[in-house]
Amino acid sequence: MCDEFTEADLDRAGLSVGRRSFTALAGVGALASMLPAHALAGKPVKGRDVEIKTADGTADAYFVAPASGKHPGVLVWPDIRGLRPAFRQMADRLAGEGYAVLTVNPFYRWQKSPVVDATNDFNDPAIRDKLFGYLKQLNKALVTTDATAHLAFLDAQKEVDTKRKLGTTGYCMGGPMTIYTAALEPDRVGAAASFHGGGVGSDKPDSPHLLIPKTNAGYLFAIAGNDDKQDPEEKNRLEAVLTPRKQWHEVEVYAGAMHGWCPPDGRAYNEAAAEKAWGRMLGLFKAQLA
């Protein structure tokens, strides 16, 4: 979970605040230069900014898909820094693999994206406090409201093949949101991937992982090494609910990878571990989004 403990872990590891600052990575070209050379070598894609009507207002989001044809839809829940250039780049890359991708601004009720930018740096304690304030208000009921609108939006797009299952991915705070999404429409959502997800398998009676038996999705849980140290039983709780099911699943602790290792603009970005997790996500989608 992204909190004062994980920030302190990054400090102790010598990963400086300026190592991958937003300013340095604000442009698409700069972001592409930080990704592996093969990362954008897929199908030609077309992306556009979109607005999605929800029961609570209008959410801003980014939709991108291959330039032709129909493809499985994927809903992406970003980490606490929200919809920003790095997640647009990741969406473009996933679209290049043959998916129609919707990446949303989870904080639209309070602020348009980007919620973090060159003048609102996540490393500023005041900005972090603001974002954690948003997160405290973003409960399961609100996420379910949003997921209802986002899934409907995907299925209404001409680029989405509605005969195939939908997928969802989540990073940090987005991890639990993938489970809520899969539980919302169990017959429609076929795959859910959580990367350094916060609180996906806690010992609390309302832990998100307890909803998994009510879903039909396959699951990938990629856990950061330092998150595992904070709650070493989480992986066991996840395995306990996943193992009896027939669907594809994988729970793995990425030893040496710290919380936040996947987005290329983060202090903790670890290219080797991020590429491994990306490949396992594609494996999940291939198996489950039939």
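A residue counts as buried when its relative accessible area is under 20%. The legends below describe a predicted model.

**View 1. Phe87 and Tyr171 form an edge-to-face aromatic pair.**
Tyr171 has a relative accessibility of 4% and is therefore buried. Phe87, at 1% relative accessibility, is buried as well. The model has nine aromatic pairs by the ring-centre rule. In the pair of Phe87 and Tyr171, the ring centres are 5.1 Å apart and the planes stand at 80 degrees. Phe87 belongs to helix H3 (residues 85–96) and Tyr171 to strand S5 (residues 166–171), so their pair ties together parts 84 residues apart in sequence.

**View 2. Tyr219 and Phe221 form a stacked aromatic pair.**
The angle between the two ring planes is 5 degrees, and the distance from centre to centre is 5.7 Å. Tyr219 and Phe221 are both buried.

**View 3. Lys46 is an exposed residue in strand S1.**
Strand S1 covers residues 45–54. The relative accessible area of Lys46 is 57%, which is over 50%, so Lys46 counts as exposed. Leaving aside residues up to four places away in sequence, Lys46 touches Phe63, Val64, Ala65 and Ala67. Gly96 is 50 residues from Lys46 along the chain, and their C-alpha atoms are 9.5 Å apart.

Terms used: Residues numbered from 1 in each chain as written. Predicted model: local features only at pLDDT ≥ 70, side-chain atom pairs only at ≥ 80, totals over all residues. Heavy atoms only, no water. Helix = DSSP H or I, 4+ residues; strand = E, 2+ residues; numbered from the N terminus. Buried < 20%, exposed > 50% of the residue type's maximum accessible area, 1.4 Å probe, protein only. Contact = heavy atoms within 4.5 Å. Phe/Tyr/Trp six-rings, centres within 6.5 Å; stacked < 30°, edge-to-face > 60°.
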